[in-house]
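Hi everyone, thanks for coming.

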Amino acid sequence: HLADLVNVRMTAVKLNDGRLLIWCPIAPTKECLRLVEEIGEVAYVVLPTTALEHKVFLGPFARAFPSCEVYVAPGQYSVPLNLPLSFLGLGFKGVDGVLGECELPFADEFEDPAVLSLSLGAGTFTEVAMCHRATRTLLVVDSIVQCPTDPPDVCVADPRPLLARAKANGMEEDKEPTPQVLREGWAKTALFGLFFQPISVEYKPSPAAIADIDKGFTWTDEWRSSFERIRNKVFVAPILQQVVLNKRPGAVLAWVDEVAAMRFDKVVPAHLQAPIKLSPAQFSRRFDFVRRLQAERQAASDGDGIRSKPAFGLPALKLPSLSSGLGGAVGAPVTFAEGDMKFLADLDDITVKSGFVKLEE
């Protein structure tokens, strides 16, 4: 796991011939490789995203299995120099195909991949979804998450980051790692990972904080209500809502429709809780905020011409009240606190007003 953020998940799918397809490879530690080899031979390694926290391990993981084939999402890039993947860890192994642009040797066991690729200035946001037919499991990356009450097991294996954040003041001594203390540390970690700068935390620089950044954080009790809004809920991550998907609503909704046409009853994302019990219709309704955004922009365009100012902001982040059948942890609408969204809203405003990212025409 990443000590400053949340868990990152790799998924291994056993194919009909007993070999494995690896989705979102993680660091190939000795423990990881041992666990993988215990369940089968790795035939395919799939990188379904352009996100750094997943891409960084593609090369090292694939090199650990020299006979495997490698398939990647389109739109791969690097900064400051845009180098080919062979320069980023794959070496002479190379890429065997690009998802959505080639025939896949495992296509008979998966529905066709749905590819969302959004050009956003310096790079491309790409998310690929694939449905494993036999288990009716939808594999995604970042698009849908469910935030659990308790920390994932991998985060408890080394509880030091959770203990550091469980404190109201980072300068305090660590508490005993009781289940309640670990839950509090996890709640604050999840808020960091989802909002980057939640309203309930303040950073105060000090010599101690330079050596250990967690010592500079102080928390107010607002974190409790913020976490309660997302606890056990299924939603699109705040940064995707505010900074990414709102730029190209038409393309996003076309992708959502493509995914919702697949036959699945559970979703496995690359972060937080999994599996998530979710139907195609429920998956689609998680993106109602995009539909409303598109309608607002269309209305503005019809009434006043093309808007020079973005038609999104904090009010658009409140998902519409949905009808019955969406109650409970899976279906309840999620409303993020405006204070928690401020950092992302400011970041979004800067990228649009600077012209770094342009809105969909």
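**A quick tour of the chain**

Okay, let's begin with contacts, meaning heavy atoms within 4.5 Å. Among the contacts in the chain with a separation of 6 or more, 70% are between residues 24 or more positions apart.

Some housekeeping. This is a predicted model, where local features need pLDDT of at least 70 and side-chain atom pairs count only at pLDDT 80 or more, while totals for chains, interfaces and linings use all residues. Residues are numbered from 1 along each chain as its sequence is written, and side-chain values use heavy atoms, with hydrogens and water left out.

So what's in there? The chain has 14 helices and 14 strands; these are DSSP runs numbered from the N terminus, with helices being H or I of at least four residues and strands E of at least two. Of its 361 residues, 50% count as buried. Buried is under 20% relative accessible area, exposed is over 50%, and partly exposed is in between, using a 1.4 Å probe and protein chains only.

Let's start at strand β2, residues 20-23. Leu 20 and Ile 22 point one way, Leu 21 and Trp 23 point the other, and all are buried.

Who does β2 pair with? Pairing here takes at least two DSSP bridges between two strands. Strand β1, residues 11-14, is antiparallel to β2 over four bridges, with Val 13 partnered by Leu 21. The two make a hairpin with five residues between them, and Gly 18 in the turn has a positive phi of about 90°. β2 also pairs with strand β3, residues 42-47, this time in the parallel sense over four bridges. There, Trp 23 stands opposite Val 46.

Next, an open sheet of five strands, in the order β6-β7-β8-β13-β14, with mixed pairing. Its edge strands are β6 (114-120) and β14 (276-277), each pairing on one side only. Seven bridges join β6 to β7 (residues 123-132), and those two run antiparallel. Ala 114 sits opposite Ala 129 in β7.

Last stop, helix α6, residues 179-195. Just after α6, Phe 196 takes a positive phi of about 70°.

That's my tour, thanks!

Technical notes
Expected span 1.5 Å × (residues − 1).
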